[in-house]
Amino acid sequence: MQGAMAAAALAPVTRQVSGRAAPALVPRGPDIVQPLAAAVAELPVVDASGKRVPFGSLFRERRAVVVFVRHFLCYICKEYVEDLAKIPKSFLQEANITLIVIGQSSYHHIEPFCKLTGYSHEIYVDPEREIYKRLGMKRGEEIASSGQSPHIKSNILSGSIWSLWKAVTGPLFDFQGDPVQQGGTLILGPGDNIHFIHRDRNRLDHKPINSVLQLVGVQHVDFTSRPSVIHV
């Protein structure tokens, strides 16, 4: 019984997403595929140049790991994306996988965020958070134990001070997104197919990167090198 529950927790998949309500869960497993609603696939995301492209076009031709982050000044998201940046492009190419990060700020913040994190894979924003909503991403913090993330290097106090300092010292008092919006991780494509979805319950609930890479046949990455700790 416990083994079955543990296996179920590893790979949740959703029903077709339609409307604004969070989609219901179906039997879980990496081989189960559910369709993504056409209305969601057609919603736009924006690249660093301000160009709008349909969300579904990002994974129409091949499978993609799509990571929705909270906001670009979230120190936990920063450190998580720093680790995503360490995934060699050759690893992704060998497995025919695209890696995509999606934020919820103005597209003007994409380039500074990439410089800050060293991230060079695909990245877009959903400024109206419409895709976040349609995929059932949470707003607010759920009190739940998420375990120790291998991707968080800073403590909560120093990280939170850093986030606030970056917000108040920017050109505008701007958290670069809704500060209470949570993110999540999906495996999508090719076509409008959902293979896996994890919705973050709180800011500490990111899916461990290597567990996602394993699901798409990408080599594991050593994230223990070059730690990036925020000092205040």
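**Salt bridges and buried residues**

Student: Glu-130 and Arg-134: buried or exposed?

Tutor: The model is a predicted one. A residue counts as buried when its relative accessible area is under 20%. Glu-130 falls in that class, and Arg-134 does too, so the word for both is buried.

Student: Which residue forms a salt bridge with Glu-130?

Tutor: The closest N and O atoms of the pair are 3.3 Å apart, and the cut-off for a salt bridge is 4 Å. Both partners lie in helix 6 (residues 130-134), 4 residues apart, about one turn of the helix. The partner of Glu-130 is Arg-134.

Student: How many salt bridges does the structure hold?

Tutor: The Glu-130 and Arg-134 pair is a salt bridge. Arg-139 and Asp-178 also form one. For the structure, the total is 7.

Student: What is the N to O distance between Arg-139 and Asp-178, and how many residues apart are they?

Tutor: The closest N and O atoms of Arg-139 and Asp-178 are 2.8 Å apart. The pair links distant parts of the chain: Arg-139 is in the loop between helix 6 and helix 7 (156-168), while Asp-178 is in the loop between helix 7 and strand 7 (184-188).

Student: Why does Asp-178 count as buried?

Tutor: The limit for buried is under 20% relative accessible area. Asp-178 is below that limit because its relative accessible area is 15%.

Student: In the salt bridge of Arg-201 and Asp-205, which residue is buried?

Tutor: The two side chains meet at 3.2 Å, N to O. Arg-201 has 29% relative accessibility, so this residue counts as partly exposed. Asp-205 has a relative accessible area of 6%. The buried residue is therefore Asp-205.

Student: Which residues do salt bridges with shared partners join into one network?

Tutor: Through shared partners, the network consists of Arg-129, Arg-139 and Asp-178.

Student: How many residues of helix 3 are buried?

Tutor: Helix 3 spans residues 75-84 and is mostly covered. Its buried residues include Lys-78, Glu-79, Glu-82 and Asp-83.

Student: How far apart are the C-alpha atoms of Ala-38 and Asp-192?

Tutor: Ala-38 is in helix 2 (residues 38-41) and is partly exposed, with a relative accessible area of 45%. Along the chain, Ala-38 and Asp-192 are 154 residues apart. Their C-alpha atoms are separated by 7.5 Å.

Terms used
Residues numbered from 1 in each chain as written. Predicted model: local features only at pLDDT ≥ 70, side-chain atom pairs only at ≥ 80, totals over all residues. Heavy atoms only, no water. Helix = DSSP H or I, 4+ residues; strand = E, 2+ residues; numbered from the N terminus. Buried < 20%, exposed > 50% of the residue type's maximum accessible area, 1.4 Å probe, protein only.
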